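Good morning, colleagues. Please have the sequence and the model open, as I shall refer to individual positions throughout.

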Amino acid sequence: MIRLTPCALLALAACSSEPERNQTAAIPAAPPAFAPAEVAATPTPAPAPGVKPRPGELKTFGDWIVGCDNTLRCELRSLGTENEPPGDVTLSVARDAGPAGKLEVTVDGFEDAEVATAVDGKRAGTPAQIVAAMANGRVFSALSAGKTIATLSLRGASAALRYVDAAQGRAGTVTASVAKGLKPASAVPAAPTPPTISAVRPGGDAVRPTAAQLADMRRTAQCDADAFASDSLGDPQAHALGGGETLVLLPCSAGAYNLLSAVFVLDGGAPRPVRTDAPVGFDETGGASRGPVPTVVNGDWKAGVLTSYAKARGLGDCGVYQDFVWDGERLRLSGQREMGECRGNIVYITTWRANVVRR
């Protein structure tokens, strides 16, 4: 847990202590659920059946990476410099879309430390002060007991902040971080509303696939025969989807830090490959997938959410987290977080989010 002094982790409109918010956890072996907002009724129609989710793109500017999700909430993350190994400390800046545009600044990587912040040696405590200084600064410093305990390069931070100004339509307004102008805050477009997915509430008992069904699924998914012969992939998972259907995660191949599992659905007949509304796992990253069946990476099912965590390397500082929910016909992407640069930052950027209604 860390606390910036004074209250630098909080929104501009408030100043109070939130210790849990500053907690930084190690990358887990399997990704935590995205925990999309679950609402009691559908406030926004779900995307039309033929419309696929469009996660935001990531852009790199010098020693910073930036991305915005489908609500135009944008996040910046610091990166390790190209000439030095990455450290444990990273800096994040997040801003909501819309005229109010809440701004947050977070330092990750400390446990139980009182931390003050400075840019080019000058103290900056509130989010607004920090971001304003970053726009023209060279080095960000974290200090404890008056001593510098970490420094981060600000090369590219101004360009990344300017990118957010443009993406959120605040360039030329008084709300911009860098591209300031005379237009009022009311000139900034409202934040887009995330889609709502009507998902099945999990229930019932999972059906375990038979040996014959497993063999059929392995052939269909073109699984690694040598790995199965050595019995190194582990057992398949079976989870009740609700409505008498079962989700099967069939371990299919493995690398040093990734287990790829083909995903099938059982409903009393022959197993069928699951349908999805978005690329899954390494298909999303542009890497090589395994066979014709959708494949999750380091996949798990918990509380009605299927997770996939495709690591680009063992450190976990680059890759894609994805979360899917079952709508009765297919898996729907409810959340996605990404890190496109393998440069020491394990705090991923959200590029897609949706609300979930259970039925």
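In which strand is Ser92 found? Ser92 is found in strand S5, residues 90–95; helices (H or I, at least four residues) and strands (E, at least two) are DSSP runs, numbered from the N terminus.

Before I continue, some remarks on the source. This is a predicted model, in which local features need pLDDT of at least 70 and side-chain atom pairs count only at pLDDT 80 or more, while totals for chains, interfaces and linings use all residues. Residues are numbered from 1 along each chain as its sequence is written, and side-chain values use heavy atoms, with hydrogens and water left out.

On confidence, pLDDT is the predictor's confidence in each residue, from 0 to 100. The mean pLDDT of the protein is 85, and 82% of its residues reach 70 or more. Over residues 1–34, however, pLDDT stays under 50. The model has 92 contacts beyond four places in sequence for residues 1–34, where contact means heavy atoms within 4.5 Å. Residues 40–48 also have pLDDT under 50, with 15 such contacts. Where pLDDT is low, the predicted coordinates should not be read in detail.

Let me return to Ser92. Its relative accessible area is 6%, so Ser92 is buried; buried means under 20% relative accessible area, exposed over 50%, and partly exposed in between, with a 1.4 Å probe and protein chains only. The side chains of Ser92 and Arg77 are joined by a polar contact of 3.3 Å. A polar contact is a pair of N or O atoms within 3.5 Å; within protein, one must be able to donate a hydrogen and the other to accept it, and residues adjacent in sequence count only if both atoms are side-chain atoms. Leaving aside residues up to four places away in sequence, Ser92 touches Leu76, Arg77, Glu104, Val105, Thr106, Asp108 and Val347.

I turn now to charged pairs. How many salt bridges does the structure hold? There are 16 salt bridges, each being a side-chain nitrogen of Lys or Arg within 4 Å of a carboxyl oxygen of Asp or Glu.

One of them joins the side chains of Arg219 and Asp216, at 3.9 Å from N to O. These two residues are three apart in helix H3, residues 211–221, and therefore separated by about one helical turn. Arg219 is exposed, at 59% relative accessible area, whereas Asp216 is partly exposed, at 30%.

Another salt bridge brings together the side chains of Glu245 and Arg272, at 3.0 Å from N to O. Glu245 lies in strand S13 (residues 245–254) and Arg272 in strand S15 (residues 272–273), so this pair ties together parts that are 27 residues apart in sequence. Glu245 is buried, with a relative accessible area of 13%, while Arg272 is partly exposed, with 28%.

Asp277 and Arg332 also form a salt bridge, with their closest N and O atoms 3.0 Å apart. The pair links distant parts of the chain, 55 residues apart: Asp277 is in the loop between S15 and helix H5 (282–285), and Arg332 is in strand S20. Are these two partners buried or exposed? Asp277 counts as buried at 3% relative accessibility, and Arg332 is buried at 7%. Finally, salt bridges that share partners join Arg73, Asp96, Lys102 and Glu104 into one network.

Strand S20 leads us to a sheet. Five strands form an open sheet in the order S17-S18-S19-S20-S21, with antiparallel pairing; two strands pair if DSSP finds at least two bridges between them. The edge strands are S17 (300–302) and S21, each of which pairs on one side only. Strands S18 (residues 305–311) and S19 (residues 319–326) run antiparallel and are joined by six bridges. Within this pairing, Gln322 in S19 is the bridge partner of Ser308. Strand S20, residues 331–339, pairs with S21 in the antiparallel sense over four bridges; here Ile349 in S21 is the bridge partner of Glu338. S21, residues 349–353, is mostly covered, with four of its five residues buried.

Leu72, although not a glycine, has a positive phi of about 65°. Leu72 is placed in the loop between strand S3 (64–68) and strand S4 (74–78), and counts as partly exposed at 26% relative accessibility. Ala145 is likewise not a glycine and has a positive phi of about 55°. Ala145 is found in the loop between strand S9 (139–144) and strand S10 (147–153), and is exposed, with a relative accessible area of 80%.
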